[in-house]
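Dear colleague,

Please find below the structure I am handing over to you. I would be grateful if you would read the notes that accompany it.

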Amino acid sequence: MQRFLNEYSKINKAASTYEKDLSMKANLEETLKGMPLDKITSNAIVSYKNKRLTEGAAQNTVKNELGMLRNALNIAQHIWKWIRENPFSGLKLGLKANELDRWLNPEEEKYVAEIEKSIYN
């Protein structure tokens with residue numbers, strides 16, 4: 001994972017995204033530390049997902065963490081040729097992005113009302 005962060009994430013991503021990747025790496029390592037890439041299985045990924053959700057992590061957080069792992073494994077497979085198959089292949093995790101219930105603030109409400117007034121009058 002460290003090679004992915006140094007050779008891919010740090011170079012190809014914005015600094016703020018790289019910092020998020022470092023944080024996600026810490027969560028992933030709690031469960032997968034010491035596990036060689038070719039030993040990470042679909043079962044290990046599902047176990048990680050279930051563990052994080054049970055701990056109270058949001059689905060979107062777990063989705064992002066596993067997205068980074070998937071990306072790292074894709075690079076390990078296609079660029080570094082370290083693994084033959086990505087354990088994410090064909091795996092459906094069923095994680096959803098967080099839904100936001102957003103309301104207009106008074107300024108936005110006023111703006112929308114003015115636009116509506118100009119269109120319909």
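This is a predicted model: local features need pLDDT of at least 70, side-chain atom pairs count only at pLDDT 80 or more; totals for chains, interfaces and linings use all residues.

Residues are numbered from 1 along each chain as its sequence is written, and side-chain values use heavy atoms, with hydrogens and water left out.

Helix 4 in two contacts

Helices here are DSSP runs of H or I with at least four residues, numbered from the N terminus. The axes of helix 3 (residues 42–54) and helix 4 (residues 59–78) cross at roughly 150 degrees and come within 10 Å; axes are lines fitted to C-alpha atoms over the stretch in contact, with angles from 0 to 180 degrees between N-to-C directions. Helix 3 and helix 4 are therefore roughly antiparallel (angles over 145 degrees). The crossing of helix 3 past helix 4 is right-handed, that is, the near helix is turned clockwise from the far one by less than a right angle. From helix 3, Ile-45, Tyr-48, Lys-49, Arg-52 and Leu-53 meet Gln-59, Thr-61, Val-62, Glu-65 and Leu-66 of helix 4, where contact means heavy atoms within 4.5 Å. Five residues of this contact are nonpolar, two polar and three charged (Ala, Val, Leu, Ile, Met, Phe, Trp, Tyr, Cys and Pro count as nonpolar, Asp, Glu, Lys and Arg as charged, and the others, Gly among them, as polar).

Helix 1 (residues 2–12) and helix 4 have axes that come within 10 Å and cross at roughly 90 degrees. These two helices are therefore roughly perpendicular (65 to 115 degrees). Phe-4, Leu-5 and Tyr-8 of helix 1 meet Met-68, Asn-71, Ala-72 and Ile-75 of helix 4. This contact has six nonpolar residues, one polar and no charged ones.

The loop between helix 4 and helix 5

Asn-86 lies in the loop between helix 4 and helix 5. With 2% relative accessibility, Asn-86 counts as buried (under 20% relative accessible area, with a 1.4 Å probe and protein chains only). Its side chain forms a polar contact of 2.8 Å with the side chain of Asn-74 (a pair of N or O atoms within 3.5 Å, one able to donate a hydrogen and the other to accept it).

Lys-81 is found in the loop between helix 4 and helix 5 (106–120). Lys-81 has a positive phi of about 60 degrees, although it is not a glycine. Most residues other than glycine have a negative phi.

With kind regards

Note on methods:
Angles under 35 degrees count as roughly parallel, over 145 as roughly antiparallel, 65 to 115 as roughly perpendicular and the rest as oblique. Buried means under 20% relative accessible area, exposed over 50%, partly exposed in between (1.4 Å probe, protein chains only).
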